[in-house]
Amino acid sequence: MTALQMQTRHGENCPLDATVNILSGKWKSIILCRLTKQDRRFTELLRTLPGCTRRMLALQLSQLITDQIIAKDVDTTFVPTKTSYHLTDLGRSLVPIIQSMDAWGRQYITTLDNAKHGTSI
């Protein structure tokens, strides 16, 4: 199910479901973070994702392409063909959201860690 289809899975229009679906997946958020800095080739991405298999990376990239968050560029002037991935305009519009989620996650972890150790912020 694409992110666009997910927006109505509860029988009502829910844009949050579409957003969460785009970011859901073990590797999608990390892939997007890697692509915010520069375009990357498949093997470059794979090297930066320890534990991610080639099949899983291909699946996650395919879903992000389907949702129009990233695009795949194929340059046939090289032998072998050079393929790279980059954020689309929609993908770049997600960057501030990802950064906000990262900041919230850091605060959440710190808060729980402090509570676990009996300290407060």
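Biologist: By about how many helical turns are D102 and R106 separated in helix α6?
Modeller: Helix α6 covers residues 89–116; helices (H or I, at least four residues) and strands (E, at least two) are DSSP runs, numbered from the N terminus. D102 and R106 are four residues apart in this helix, so their separation is about one helical turn.

Biologist: What kind of model is this?
Modeller: Residues are numbered from 1 along each chain as its sequence is written, and side-chain values use heavy atoms, with hydrogens and water left out. Local features need pLDDT of at least 70, side-chain atom pairs count only at pLDDT 80 or more, and totals for chains, interfaces and linings use all residues, as this is a predicted model.

Biologist: How far apart are the closest N and O atoms of D102 and R106?
Modeller: The two residues form a salt bridge, a term for a side-chain nitrogen of Lys or Arg within 4 Å of a carboxyl oxygen of Asp or Glu. D102 is partly exposed at 40% relative accessibility, whereas R106 is exposed at 56%; buried means under 20% relative accessible area, exposed over 50%, and partly exposed in between (1.4 Å probe, protein chains only). In this salt bridge, the distance between the closest N and O atoms is 2.9 Å.

Biologist: How many salt bridges does a search of the whole structure find?
Modeller: Besides D102 with R106, D89 is bridged to R92, with the closest N and O atoms 2.2 Å apart. D89 and R92 lie three residues apart in helix α6, which means a separation of about one helical turn. D89 is exposed, at 60% relative accessible area, and R92 is partly exposed, at 45%. The number of salt bridges found in the whole structure is two.

Biologist: Why does the pair formed by the rings of W104 and Y108 count as it does, and what is it called?
Modeller: The search of the whole structure finds one aromatic pair. Rings of Phe, Tyr and Trp (its six-membered ring) pair if their centres lie within 6.5 Å; planes under 30 degrees apart count as stacked, over 60 as edge-to-face and the rest as tilted. The ring centres of W104 and Y108 are 5.1 Å apart and their planes stand at 15°, so the pair is stacked.

Biologist: What is the accessible area, together, of the nonpolar patch that includes W104 and Y108?
Modeller: W104 is exposed, at 54% relative accessibility, and Y108 is partly exposed, at 43%. Patches are made of residues with over 30% relative accessible area and no salt bridge, where like charges are joined within 9 Å and nonpolar side chains (Val, Leu, Ile, Met, Phe, Trp, Tyr) within 5 Å. Areas come from the Shrake-Rupley method with a 1.4 Å probe, and for residues only the protein chains shown count as cover. W104, Y108, I109 and L112 form this surface patch, and their accessible area together is about 470 Å².

Biologist: Within what arc do the buried residues of α3 fall, seen down its axis?
Modeller: In helix α3 (residues 28–37), the buried residues are K28, I31, L32 and L35. Their arc is that of the directions from the helix axis to the C-beta atoms. These residues line one face of the helix, because they fall within an arc of 95°.

Biologist: What distance separates the C-alpha atoms of V95 and L32?
Modeller: V95 lies in helix α6 and is buried, with a relative accessible area of 17%. V95 and L32 are 63 residues apart along the chain, and their C-alpha atoms are separated by 8.1 Å.

Biologist: What distance separates the C-alpha atoms of S100 and L45?
Modeller: S100 also lies in helix α6, where S100 is partly exposed, at 48% relative accessibility. S100 and L45 are 55 residues apart along the chain, and the separation of their C-alpha atoms is 23 Å.

Biologist: What is the omega of the peptide bond from V79 to P80?
Modeller: P80 lies in the loop between β2 (70–75) and β3 (82–87). The bond from V79 to P80 is cis, with omega near -5°.
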